[in-house]
Amino acid sequence: MKILVCISQVPDTSTKIILKDNNTAFNSSGVTFVINPYDEWYALIRALELKESGIATDVHLITVGRADVEPIIRKGLALGGDEAIRIDADSNDPYETANYIAGYARGAGYDLILCGKESIDYNNGTTGAMLAELLDIDYIGFAADIQIEAGSAIVTREIEGGEEVDTVNLPAVISCQKGVAEARIPNMRGIMAARTRPLKVITPSALTPVTAILSYELPPAKAGIKLVSSDNMDELVELLHSEAKVF
Amino acid sequence: MSVIVLVEHTGGIIKKKNFEAVQYASRIAENTGTTVTTLVLGTIAVSEMESLGEYGAQKVLHVADGRLDELHARAYASALFTAAQKENAKIIVTLHDINGRAVAPRVAVKLKAGLVAGALSYPDLENGFVIKKAVFSGKAFAFVNIVSDVKVIMLMANSFPVIKGDGKAVVEKLEVNFSDKDFGVKVKQVNKVTGEVLLSDADLVVSGGRGMKGPENWGLIENLAKELGAATACSRPVSDADWRPHHEHVGQTGGTIRPNLYIAVGISGAIQHLAGVNGSKNIVVINKDPEAPFFKAANYGVVGDAMEILPKLTEAVRKFKQQH
Ligand SMILES: Cc1cc2nc3c(=O)[nH]c(=O)nc-3n(C[C@H](O)[C@H](O)[C@H](O)COP(=O)(O)OP(=O)(O)OC[C@H]3O[C@@H](n4cnc5c(N)ncnc54)[C@H](O)[C@@H]3O)c2cc1C
Ligand SMILES: Nc1ncnc2c1ncn2[C@@H]1O[C@H](COP(=O)(O)O)[C@@H](O)[C@H]1O
């Protein structure tokens, strides 16, 4: 069984966002980039577990990005990926990203495509379902557990106010979140091995964009906190009622 | 031409966030000189569908197929696609929730439409079709212009007030040619949390962090939540330590919520925690450390020991409820 894991490069979770060029771009100087946590901790690690347990034979990584994303791809290989593909394009639109990935994955024989539940930079949570539609296969979102049995996946996924267990025939796309696997750290052997693992670079044919980000804005600073004495909870309740109007 | 909205229901009951989506769509329809058609799937009473008129819907297309009572994302997408074609819709609206995220992206692909996930504003039509959305987990906002002919908007719930008006929508049956593929995912088991306020839907949330010291003290959080009719949440170390169930964990790696009121008790306010709650309209922080970073993100703060403050606050709420 062949697994393709979609990995996206994002600023580290503790990054302070600074804008530049008249608020049309995000200033990435001095920012540490990492693999999107959902892609690494859950999707990639689950793929590696499936390989270690003999269910999967190959774990490939795919990312849409320019050459500057290669350090995170190398990290993915160091964790245990067998091969990586970089689609050489800039994309902050999920439809474009999904099209690029589908262009590579179509007909390539992947039984399972794993992605993260959401990228923590653009927060769309839509790339996986688009990819599934482009490949004309099923998609299950927000998985918290994935088991493989006889050509199908048994997936526990989040629903509103609970969980549901679904089965789906492979090939399918599944987006992963907490629960699917436990994070790990690459070891020295993995890091050395990663150097010799293949990293293919593909130049895609251009797509007509369907969206464009015109500008960014930072949230306004909070207008200042009102401190209430711990002996005066009646005052807090009154403020919440008459000022904040929450009840 | 019309604006199409996918309306979900739970066992025949339509929840408030869907009214918000309908009202949002009706305002867009007004601004673009068209009307709103809603799509409703599965088993539901006609009167419940007609009531969508109170939020601005002129028409309801109803696909009365019992298989649609559970989410079959491909079938939902086929239905939405059929409805969009029938109405020659150029704008499709869904919610940015679990089901919306499984369905809308598929429809966008079918219609070659640009999509904005987690819309926080009406489209600005003067500068194209520009919609505001949160990026970098709420640390910034982006203004996204949809340039394709057909446009898909996934609305972030709790972005606009819902105002009930008059009106009755006309319900029409819609036939959709489903294929077997549309029902490829089989639901084996459903485990729902019952008897609690759903965190994702809650207007009021009381949340506890490591400052609560241990699961034995959660009664204090629960009592306050009960008194307020609030849902309960927690920080990540709390769910990691199994003091609370995982679905309560909010933040970067947990759930994202946008209630009207978020009360954070004994939570330091790490940036990864804030990422899940910074869309809350009002934040109250209770922490014994006046330097806790959370105070910078709060509207109201109480400095002191949560174990003493929580019972007092619960009592104050009880008193208030009796008087009002
Ligand atoms: C990649 C990544 C992702 C992460 N994702 C998340 C996430 O999704 N959600 C999340 O929550 N965290 C997340 N974290 C962890 C986050 O960085 C913090 O470590 C975590 O939020 C801290 O939880 P806490 O505030 O409950 O505990 P602490 O930081 O230990 O804070 C406890 C607070 O309680 C106060 N306190 C102690 N005793 C009392 C008392 N008696 N009364 C009142 N106050 C008291 C203290 O002053 C302190 O401010 C993530 C971290 C990383 C690196
Ligand atoms: N540029 C990218 N390259 C590869 N995979 C991506 C990219 N962007 C998003 N993804 C995948 O799609 C998931 C959801 O992303 P998004 O729809 O942007 O929230 C991520 O967790 C990744 O698995």
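The model is predicted.

Chain B contains eight helices and 15 strands. Its radius of gyration is 21 Å, close to the 20 Å that the globule rule gives for 324 residues, so chain B is as compact as a globular protein of that length. Along the principal axes, the C-alpha atoms of chain B fill a box of roughly 60 × 45 × 40 Å. Among contacts in chain B with a separation of 6 or more, 64% come from residues 24 or more positions apart.

Two packed helices are described by the angle between their axes and the distance between the axes. Helix α1 of chain A spans residues 37-52, and helix α2 of chain A spans residues 70-79. The two pack at an angle of about 40°, and their axes lie 10 Å apart. α1(A) and α2(A) are therefore oblique to each other. The crossing of α1(A) past α2(A) is right-handed.

On the α1(A) side, the contact is made by Glu40(A), Leu44(A), Ile45(A) and Leu48(A). On the α2(A) side, Lys75(A), Gly76(A) and Leu79(A) take part. By class, this contact of α1(A) with α2(A) has four nonpolar residues, one polar residue and two charged residues.

Note on methods:
Residues numbered from 1 in each chain as written. Chains lettered and ligands numbered in written order. Predicted model: local features only at pLDDT ≥ 70, side-chain atom pairs only at ≥ 80, totals over all residues. Heavy atoms only, no water. Axes fitted to C-alpha atoms, helices over the stretch in contact; angles between N-to-C directions. Helix = DSSP H or I, 4+ residues; strand = E, 2+ residues; numbered from the N terminus. Parallel < 35°, antiparallel > 145°, perpendicular 65-115°, else oblique. Left-handed = near helix turned anticlockwise from the far one by under 90°. Contact = heavy atoms within 4.5 Å. Nonpolar A, V, L, I, M, F, W, Y, C, P; charged D, E, K, R; others polar. Rg over C-alpha atoms; globule rule 2.2 N^0.38 Å.
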